[in-house]
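Please keep the sequence and the structure in view while reading.

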Amino acid sequence: MCIEKLPEDDIYSSSLLLRFCLLSCPQILFKARNLFVLFMHQYTYNTDYSQPGNSICAFCNTPIEEGQYGKMIAGYPSCISCTESVARKTFPTWVKVFLSAILLITIGAFFWNWRFYTAFQTLKTAHADLEKEQYADAAMHMAEAARKVPEVKDLQALANYYAGLSFLRQDKGKEALAAFEKCQYQIPEDMGIKELMLNAKIDAAFDSKDYTGFVEASKEFLALDTTNANAYCTLASAYACIYADKSIPEAKANALHYLQLSKEKDTTHDAELAAYQAFVRHRIDSKSIKTFDAYTTLYPDQKTPQKP
């Protein structure tokens, strides 16, 4: 009968029978082998294993004298000499030496790779610091992780990236730009390396009073996203610096133009951006290039946007 035609109960019963047969076959064969060996020993030597003092060693096929009994091996009697011989063959000297060498290599590898484990833990700490916006701590821990495994170049790139974030947070544009330049080709673009480098370049230009460079960097920043209201305000701030420094009417017109575009692009009515826009307007009207800290001293109700 084909198995396709069996009822479900018959198929289940057949599968149980098949599994039973498969599981039982090794045991049946093993027992058959034991009986065969026992029969051959009794047939050859006419010896009854069950009688003490009349056993035959299953390995050297010689009668075991009184006091010469070894251990039962796999259910078969053996003499002392064969018991010791089997023990030596189970773990020969070369196996013991090999296992000892493997053990020593494993222990050595554990201690050698311990620095990778500690570097990984420090890396996790750095990520946790970054999530908490503790940029200085994040940069310190990432640099520590990179020092532990100097052969891992990606960690060194991350250390420079985190250092750049920390410097940028402290308004140290020149230092931030130097850190980002060291890792710009190793850091993926989706981590915002281009935007961060331009922000650093903007801060560095402002700090060095290179207002033309401030304008050029701001234009590059705006080109990355022409819907970014903050980028329009940054460009307005750059032109306002040129107007305040050299009293060029065209610079004032450009500052007012981009400031108006920033307000038009601001669809979320962000309070921080509004404070930044008020700061730029004050720079245009007063023709003074104050830092935002100095501006907030005069107007303490304004929020700090962290912008030049």
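Helices (H or I, at least four residues) and strands (E, at least two) are taken here as DSSP runs, numbered from the N terminus. Read along the sequence on that basis, the protein chain follows the pattern α-α-α-α-α-α-α-α-α-α-α-α-α, with 13 helices and 0 strands. The model is predicted, so that local features need pLDDT of at least 70 and side-chain atom pairs count only at pLDDT 80 or more, while totals for chains, interfaces and linings use all residues. Residues are numbered from 1 along each chain as its sequence is written, and side-chain values use heavy atoms, with hydrogens and water left out.

**The chain as a whole**

- Of the 308 residues of the protein chain, 34% count as buried, where buried means under 20% relative accessible area, exposed means over 50% and partly exposed lies in between (1.4 Å probe, protein chains only).
- Among the contacts in the protein chain with a separation of 6 or more, 43% join residues 24 or more positions apart, a contact being heavy atoms within 4.5 Å.

- Two packed helices are described by the angle between their axes and the distance between the axes.
- Axes are lines fitted to C-alpha atoms, for helices over the stretch in contact, and angles run from 0 to 180 degrees between N-to-C directions.
- Helix 4 (residues 114-131) packs against helix 5 (residues 135-148) at an angle of about 165°, and their axes are 8 Å apart.
- That angle makes helix 4 roughly antiparallel to helix 5, given that angles under 35 degrees count as roughly parallel, over 145 as roughly antiparallel, 65 to 115 as roughly perpendicular and the rest as oblique.
- The crossing of helix 4 and helix 5 is left-handed, a term used if the near helix is turned anticlockwise from the far one by less than a right angle, with right-handed used if clockwise.
- Residues making this contact include Thr 118, Thr 122 and His 127 of helix 4, together with Tyr 135, His 141 and Met 142 of helix 5.
- By class, the contact of helix 4 with helix 5 has 8 nonpolar, 5 polar and 5 charged residues; Ala, Val, Leu, Ile, Met, Phe, Trp, Tyr, Cys and Pro count as nonpolar, Asp, Glu, Lys and Arg as charged, and the others, Gly among them, as polar.

**Packing of helix 11 and helix 12**

- Helix 11 (residues 249-265) and helix 12 (residues 271-286) pack at an angle of about 165°, with 11 Å between their axes, and are therefore roughly antiparallel to each other.
- Helix 11 passes helix 12 in a left-handed crossing, and the residues in contact include Ala 255, Leu 256 and Leu 259 of helix 11 and Leu 273, Val 280 and Ile 284 of helix 12.
- By class, the contact of helix 11 with helix 12 has 6 nonpolar, 2 polar and 3 charged residues.

**Nonpolar cores**

- A nonpolar core is a set of buried Ala, Val, Leu, Ile, Met, Phe, Trp, Tyr and Cys residues joined through side-chain atoms within 4.5 Å.
- The largest nonpolar core has 34 residues, of which Phe 214, Tyr 239, Tyr 258 and Val 280 touch the most other members.
- Elements that give two or more residues to this core are helix 8 (193-207), helix 9 (211-224), helix 10 (229-246), helix 11, helix 12 and helix 13 (292-298), and helix 10 gives the most, with 12 residues.
- Apart from this core lies another, of 27 residues, among them Tyr 161, Phe 180, Ile 187 and Met 197.
- Not counting residues up to four places away in sequence, Val 280 touches Cys 233, Ala 236, Ser 237, Ala 240 and Leu 259.

**Selected residues**

- Asn 160 lies in helix 6 (residues 153-169) and counts as buried at 15% relative accessibility; beyond four places in sequence, Asn 160 touches Ala 179, Lys 182 and Cys 183.
- His 282, found in helix 12, is buried with a relative accessible area of 17%, and, leaving aside its neighbours within four places in sequence, His 282 is in contact with Lys 287, Ser 288, Lys 290, Tyr 295 and Tyr 299.
- Lys 287, in the loop between helix 12 and helix 13, has a positive phi near 50° although this residue is not a glycine, and Lys 287 is partly exposed, with a relative accessible area of 34%.
- Asp 171, in the loop between helix 6 and helix 7, likewise has a positive phi, of about 60°, without being a glycine, and counts as partly exposed at 38% relative accessibility.
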